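Biologist: I have a model open and want to learn how to read it. Can we go through it feature by feature?
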Amino acid sequence: MLRIAVQSKGRLNEESTALLREIGIDVDDSKRKYISKASNFPVEMLYLRDDDIPGVVANGSADLGIVGLNEVMEKGYDVEIVEKLGFGGCRLSLAIPKADEYEGVSYFDGKKIATSYPAILNKFLKENNIKATIEVITGSVEIAPAARIADAIFDIVSSGSTLIANNLKEVEIVLDSEAVLIGSGNLSPENQEILNEIMFRMESARISRGKKYMLMNIPEDAIDKAIEILPAMRSPTIMPLAAKGWCSLHSVVDNDSLWSKVHQLKAIGAEGILILNVEKIIL
Ligand code: ATP
Ligand code: MG
């Protein structure tokens, strides 16, 4: 049994449990239990505040955790980053009053900076030889300059709208963060096998994301051109149709290029194009 710590509520909760469900692990967090077992896979979920996740993984109370890289870096525990998960994207940035001129990090010399991330900030200031005072506050950091608690802030930014609403501007990005899967690095052989299976399934989920399955009828003499348009995983599948001179062509395409491919294929005579969702891809 492998124990995975995830955020009990908050920004990462839904996507963490959705990811596990996507790879076929039946996670039931509806009852809001602190610990619950998956019904169809040897994992147990531990629901915690995100602040506590790096610690429980480091001390072995959980084998794995899903948490923001920002929390991992701030806590500084000796944990392994097993995989970046591609959601919960944000950055930790320094921001100053909008009206202030900014010519570089020396701006912060002698200033007071409010933050909930003192360890990461302290490291950044040291690396840049800046002597500033750090004022630790745990919430509503963005109001600190207006409330005259501090001159500047060091906080999580995603869209930047909170900064704008508080008359602040982002001047230094210190850390790019996203949700990560962390581990303690010493699993029993059985649990290592469970983790290997999780990684195998996550890889498949990652590859299938943003992909569509496309099939169409195409004149036989247009096949070469179609193959140029559709470089599939190995090569497109081509099957003869009952109608002479025609075949059916199947391929997997990136969502991003889907519509441009559709137009190119139509231009060489493709008809009856079907586009389907891809459930899983295993290479
Ligand atoms: P908890 O109650 O579990 O301690 P929290 O209030 O500390 O929750 P949330 O606001 O739920 O944390 O954010 C969790 C994580 O989501 C952050 O640590 C960060 O990695 C990520 N995140 C992504 N975008 C944002 C954002 N715009 N603001 C805050 N966090 C964000
Ligand atoms: Mg927290």
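Biologist: Which atom of R11 lies 2.8 Å from an oxygen atom of ligand 1?

Modeller: A backbone N or O atom of R11. Before more, some ground rules. This is a predicted model, where local features need pLDDT of at least 70, side-chain atom pairs count only at pLDDT 80 or more, and totals for chains, interfaces and linings use all residues. Residues are numbered from 1 along each chain as its sequence is written, chains are lettered from A and ligands numbered from 1 in the order in which they are written, and side-chain values use heavy atoms, with hydrogens and water left out.

Biologist: Which side chains have a polar atom 2.8 Å or 2.6 Å from an oxygen atom of ligand 1?

Modeller: A polar contact is a pair of N or O atoms within 3.5 Å. R49 places a polar side-chain atom 2.8 Å from a ligand 1 oxygen. For N70 the distance is 2.6 Å, again from a polar side-chain atom to an oxygen of ligand 1. Ligand 1 taken alone exposes 630 Å², and the protein buries 76% of that (Shrake-Rupley method, 1.4 Å probe).

Biologist: Which residues come nearest to ligand 1?

Modeller: Near means that a heavy atom of the residue lies within 4 Å. There are 16 residues around ligand 1, and R49, D50, D51, N70 and S158 come nearest.

Biologist: Is D50 buried or exposed?

Modeller: Buried means under 20% relative accessible area, exposed over 50%, partly exposed in between (1.4 Å probe, protein chains only). D50 has 18%, so D50 is buried. D51 has 27% and is partly exposed.

Biologist: Where is I182?

Modeller: Strands are DSSP runs of E, at least two residues, numbered from the N terminus. I182 sits in strand β11, residues 179-183. I182 is buried, at 0% relative accessible area. Contact means heavy atoms within 4.5 Å. Beyond neighbours within four places in sequence, I182 contacts several residues, including I53, V57, L64 and I81.

Biologist: How many aromatic pairs are there?

Modeller: Rings of Phe, Tyr and Trp (its six-membered ring) pair if their centres lie within 6.5 Å; planes under 30 degrees apart are stacked, over 60 edge-to-face, the rest tilted. The count is three. Y102 and Y107 form a tilted pair, 5.7 Å centre to centre with 55° between the planes. Ring pairs link Y102, Y107 and F108 into a cluster.

Notes. Helices (H or I, at least four residues) and strands (E, at least two) are DSSP runs, numbered from the N terminus. A polar contact is a pair of N or O atoms within 3.5 Å; within protein, one must be able to donate a hydrogen and the other to accept it, and residues adjacent in sequence count only if both atoms are side-chain atoms.
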